[in-house]
Amino acid sequence: MKDTISLIIPTYNEKDNIVPLVERIHQALSGYTYEIILVDDGSRDGTIEAAESLASRYPVRVIVRRGERGLATAVVHGLKFATGQIIGVMDADLQHPPEVLPDLIKALEAGADMAFASRYIPGGGCPNWGLLRKIISKVALKISHLLLPATRKVKDPLTGFFMFRRDNVNADRLKPIGYKISLEIMLMGDFRHIVEVPFIFEERSAGQSKLRPQQQIDYLKHLLSLMSRTGELAMFIKFVAVGLSGVVVNEGLYWLLTRFGGLADYDYWAVIISIEVSIITNFILNDTFTFAKRRRGKSFLGRLLKFNLICLSGAAIQTGIFMLFTRIFGVYDLLSLFIGIVVGFLWNYFVNRNWTWK
Ligand code: GDD
Ligand code: MN
């Protein structure tokens, strides 16, 4: 017997979309056993009534949530009512075409435990978008790939149109903020084999988008929360602490070499030696402490060389920024130095995280 598919669809004021949505899903899923769980947050445009009127003809269940609002938490709520082994999540406004559902199901049947409908693989896209919306979407994507490297294996982890096997997720661990339920489930679930199938993000056919600037703030909060729950934030904080210890090593060794080591007249040698030694002590601490869980299989020497290279290029970036800000922009030198330090530090962290200890 085939698995039952539970489609969880959050709705808020989607009255004119709900009937064509359910009809198209029914067409697309002929031959499958499925149920639709609509999670509505108290729409006042007649969505709930329109949805309930479908329940006699289609396997539709309407859950009305009172008090709480939000796309991602609505999906988590819907999960409690889903009976299927395969869970699908999509929007109600027909921007996610139901005809793609069989492709997602087939991907799971072929062995994947999670499947994304993707705009950013060949065959997918969002042809109706203006330049600004495209840029915002790409920036949001790059930020998630940078801050949460585990999302890199998916080209479009932000679509909100995806399927997964229920057994791979413990619902108690889901604590999303805002819109990006797909990120939450991907990172909090235990997935081994994630695939993407292409789709075209359609124009909204009726009603209005609920996307507001608040959602962008929520997105950043959600990323921070995921960084904290996946251990990324802890690595970042440890890297900062190690960096500070490097300052102590650098200053201390310089002091020893110039005061007691006979390098009083060769202070540039003292600088070079103490910088290099602090890079090596930083490396050892990061390798055994900050990124202890990420060493697997790679050679010690290779990591040391990468780390060294990144730190030196970080110092070059810092110097370049200092020169640019003081000479060209006429910025106060201590402020220029500070900006350089911050940018150089972020460079060091993210390049090391994504290359040396990827
Ligand atoms: N229950 C509930 N509660 N549903 C909501 C809420 C809410 O607070 N806010 C939005 N929804 C529902 C809408 O009714 C719609 O079905 C779906 O969630 C998506 O909302 P839209 O307002 O249409 O969002 P969008 O088109 O701007 O954003 C979509 O595109 C993004 C990709 O660019 C969403 O699919 C995002 O998940 C996706 O990342
Ligand atoms: Mn939409």
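Biologist: Is Glu 184 buried or exposed?
Modeller: Glu 184 is buried, at a relative accessible area of 0%. Keep in mind that this is a predicted model.

Biologist: Which residue forms a salt bridge with Glu 184?
Modeller: Arg 229 does. The closest N and O atoms of the two are 2.7 Å apart.

Biologist: What does Asp 287 pair with?
Modeller: Asp 287 forms a salt bridge with Arg 303, with the closest N and O atoms 2.7 Å apart. Asp 287 sits in helix α9 (residues 267–290) and Arg 303 in helix α10 (residues 300–328). They are 16 residues apart. Asp 287 is buried at 2% relative accessible area, and Arg 303 is buried at 7%.

Biologist: Which residues do shared partners join into one network?
Modeller: Glu 14, Asp 93 and Arg 204. Salt bridges that share partners join them.

Biologist: Let's switch to the metal. What coordinates the manganese ion?
Modeller: Asp 93, through OD, and Gln 95, through OE1, coordinate the manganese ion (ligand 2). The distances are 1.9 to 2.0 Å. Asp 93 is buried, with a relative accessible area of 4%. Gln 95 is buried as well, at 10% relative accessibility.

Biologist: Now Phe 199. Where is it?
Modeller: Phe 199 is in the loop between β7 (194–198) and α7. Phe 199 is buried, with a relative accessible area of 2%.

Biologist: What does Phe 199 touch?
Modeller: Leaving out residues up to four places away in sequence, Phe 199 touches several residues, including Gln 95, His 96, Pro 97, Val 100, Thr 159 and Phe 161. Gln 95 is also one of the residues that coordinate the manganese ion.

Biologist: And how far apart are Phe 199 and Ile 317?
Modeller: They are 40 Å apart in space, C-alpha to C-alpha. In sequence they are 118 residues apart.

Biologist: Back to α1. Which residues are buried there?
Modeller: Asn 17, Ile 18, Leu 21, Val 22, Ile 25 and Ala 28. Down the axis of α1 they fall within an arc of 130°, so they line one face of the helix. The face turned away carries the exposed residues Asp 16 and Gln 27.

Biologist: What covers the buried residues of α1?
Modeller: The cover includes β1 (5–11), β2 (34–40), α2 (47–54), β3 (60–64) and α4.

Biologist: How many residues does α8 have?
Modeller: Helix α8 has 28 residues, 232–259. It reaches 41 Å from its first C-alpha to its last, close to the 40 Å expected. Its buried residues include Met 235, Phe 239, Val 242 and Leu 253. Among the elements covering the buried residues of α8 are α5 (131–147), α7, α9, α10 and α11 (333–356).

Biologist: Zoom out. How many helices and strands are there?
Modeller: The chain has eleven helices and seven strands. Of its 358 residues, 48% count as buried.

Biologist: What is the radius of gyration?
Modeller: The chain has 26 Å, but a compact globule of 358 residues would have one near 21 Å. The C-alpha trace spans about 90 × 45 × 40 Å along its principal axes.

Key
Residues numbered from 1 in each chain as written. Chains lettered and ligands numbered in written order. Predicted model: local features only at pLDDT ≥ 70, side-chain atom pairs only at ≥ 80, totals over all residues. Heavy atoms only, no water. Salt bridge = Lys/Arg side-chain N within 4 Å of Asp/Glu carboxyl O. Buried < 20%, exposed > 50% of the residue type's maximum accessible area, 1.4 Å probe, protein only. Helix = DSSP H or I, 4+ residues; strand = E, 2+ residues; numbered from the N terminus. Donors = N, O, S within 2.8 Å, 3.2 Å for Na, K, Ca; no water. Arc of directions from axis to C-beta. Contact = heavy atoms within 4.5 Å. Rg over C-alpha atoms; globule rule 2.2 N^0.38 Å. Expected span 1.5 Å × (residues − 1).
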